[in-house]
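I opened this one to look at its loops, its helix packing and its cores. My notes follow in the order I looked things up.

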Amino acid sequence: METISPFLDGLKTICWNLFIGANYESAFLYALAIVVLFTFYGFYKRGRNRAWLNKQFKGIGVTIFFVLVNSFGFALFVYMATEYAQAGYNSLGLPHVSPTFWADVPLWVTLPLIVLIYDFANYWNHRLMHMDWLWPVHAIHHSETEMNGMTTYRVHFLESLVMNLSYVLLLSWLGLPKEALGIGVLFLSLHNVYTHMDLDWDHGPFRYLLASPRFHRWHHADVPEAHGKNLSNIFPIYDVLFGTYYVPGTCDVKLGATGVPENDGAKLVLYPFKALYDYLYKVMPVLWRFLSNGMSHVFDEILRFKKLLRD
Ligand SMILES: [Zn+2]
Ligand SMILES: [Zn+2]
């Protein structure tokens, strides 16, 4: 993009190559290193509590398992699905913003705009994910009972699929420049690692401007009054606007999701499928009875009609 100044271009290169690296995997590794260091800090702060440390590392281990399963097992599937969605979207020829529209818009305008739009999509995706029928997919993210920065990566591949599809469609409709998108996503993912850390920071007067660890910790609280609250990742103002903001103070209630396996990778990967199976198992006999009753009714009617014709 020509409009990026040499300074921002340089900053981007530094971000990419030195600090974060060029891809998701190295961003993940840097975040992991910070989280491991922070976990040891927590261990000493808790008077060398070994049970706590073991649980933390077990949780981080399961999250790494998720990242591996998602990266090697389903990344191609998610990628192909989004490619097809993009191709389908393009072939529909829907009216959209032309990418040239952004050519003269400076990065300091497009960047906050991207984060704002992303988070708006996030908010509604997330709200959807907290509805009963999608909850078994999203429950995986809520399965951890101790927060740590890695929790942000604990996401089922079906959830990544829904999220990616909505981003691809929304962002291709807006035609936003790829370079700015890259920086925006970088900021978003680092901020997500930060809000999942085991900290009680609330950002004081800026608490509505930028999501804090305390704000997101309440999202992970397993108490009825906090369920489905604090759904935005970056801008709590969306929660204020749409009536889901909930931060009554320090969050020291229990975290997690009742009934969801806590740190069992295989069970967690299968959890949404098991929930679907259980649901069908319950619903099928009812559906079958309804259909067979309906069909016998239709046959009765046909027989009656035939008899009428004969008489
Ligand atoms: Zn959630
Ligand atoms: Zn979370």
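**Entry 1: M147.** I started from M147, which touches H196, M197, D198, R217, H220 and L255, leaving out residues up to four places away in sequence. Contact here means that two C-beta atoms, placed from the backbone, lie within 7 Å. M147 sits in the loop between helix 5 and helix 6. Helices (H or I, at least four residues) and strands (E, at least two) are DSSP runs, numbered from the N terminus. Is M147 buried or exposed? M147 is buried, with 22 other C-beta atoms within 10 Å. The cut-offs: buried is 20 or more other C-beta atoms within 10 Å of the residue's own, exposed is 12 or fewer, and partly exposed is in between, with C-beta atoms placed from the backbone. I also checked P213: M147 and P213 are 66 residues apart in sequence and 9.6 Å apart in space, C-alpha to C-alpha.

**Entry 2: ground rules.** This is a predicted model; local features need pLDDT of at least 70, side-chain atom pairs count only at pLDDT 80 or more, and totals for chains, interfaces and linings use all residues. Residues are numbered from 1 along each chain as its sequence is written, while chains are lettered from A and ligands numbered from 1 in the order in which they are written.

**Entry 3: overall.** I counted secondary structure next and found ten helices and zero strands. The C-alpha trace spans about 90 × 55 × 40 Å along its principal axes. Of the 311 residues, 25% are buried. Among contacts between residues at least 6 apart in sequence, 72% join residues at least 24 apart.

**Entry 4: A139.** I went back to the loop between helix 5 (135-138) and helix 6, where A139 lies. A139 is buried, with 23 other C-beta atoms within 10 Å. A139 touches A257, V260 and Y271, not counting residues up to four places away in sequence. W124 is 15 residues from A139 in sequence and 16 Å from it in space, C-alpha to C-alpha.

**Entry 5: helices 4 and 6.** Helix 6 (residues 157-174) has 18 residues and reaches 25 Å from first C-alpha to last, close to the expected 26 Å. The expected span is 1.5 Å times one less than the number of residues. Helix 4 has 23 residues and reaches 32 Å, close to the expected 33 Å. Buried residues in helix 4 include L107, I114, Y118, N122 and H126. Just after helix 6, G175 takes a positive phi of about 60°.

Entry 6: Which numbers describe two packed helices? The angle between their axes and the distance between the axes. Axes are lines fitted to C-alpha atoms, for helices over the stretch in contact, and angles run from 0 to 180 degrees between N-to-C directions.

- Helix 3 (residues 50-92) and helix 6 have axes that come within 9 Å and cross at roughly 30°. That makes helix 3 roughly parallel to helix 6, a label for angles under 35 degrees.
- Residues of helix 3 that meet helix 6 include F74, V78 and A81; their partners in helix 6 include L161, L165 and V168.
- Helix 4 and helix 6 pack at about 145°, with axes 10 Å apart.

**Entry 7: cores.** I looked for nonpolar cores, sets of buried Ala, Val, Leu, Ile, Met, Phe, Trp, Tyr and Cys residues joined through C-beta atoms within 7 Å. The largest has 22 residues, and I114, A180 and W218 have the most contacts inside it. Helix 4 (107-129), helix 7 (178-195) and helix 8 (213-219) each supply at least two residues of this core. Helix 4 gives the most, with five. W218 touches A226, K229, N230, Y246, V247 and C251, not counting residues up to four places away in sequence. A second, separate core of ten residues includes A31, I60, F66 and Y153.

**Entry 8: positive phi.** Most residues other than glycine have a negative phi. I noted H203, whose phi is near 65°. H203 is in the loop between helix 7 and helix 8 and is partly exposed, with 15 other C-beta atoms within 10 Å. N230 has a phi near 50°. N230 is in the loop between helix 8 and helix 9 (237-241). N230 counts as buried, with 25 C-beta neighbours inside 10 Å.

Methods
Parallel < 35°, antiparallel > 145°, perpendicular 65-115°, else oblique.
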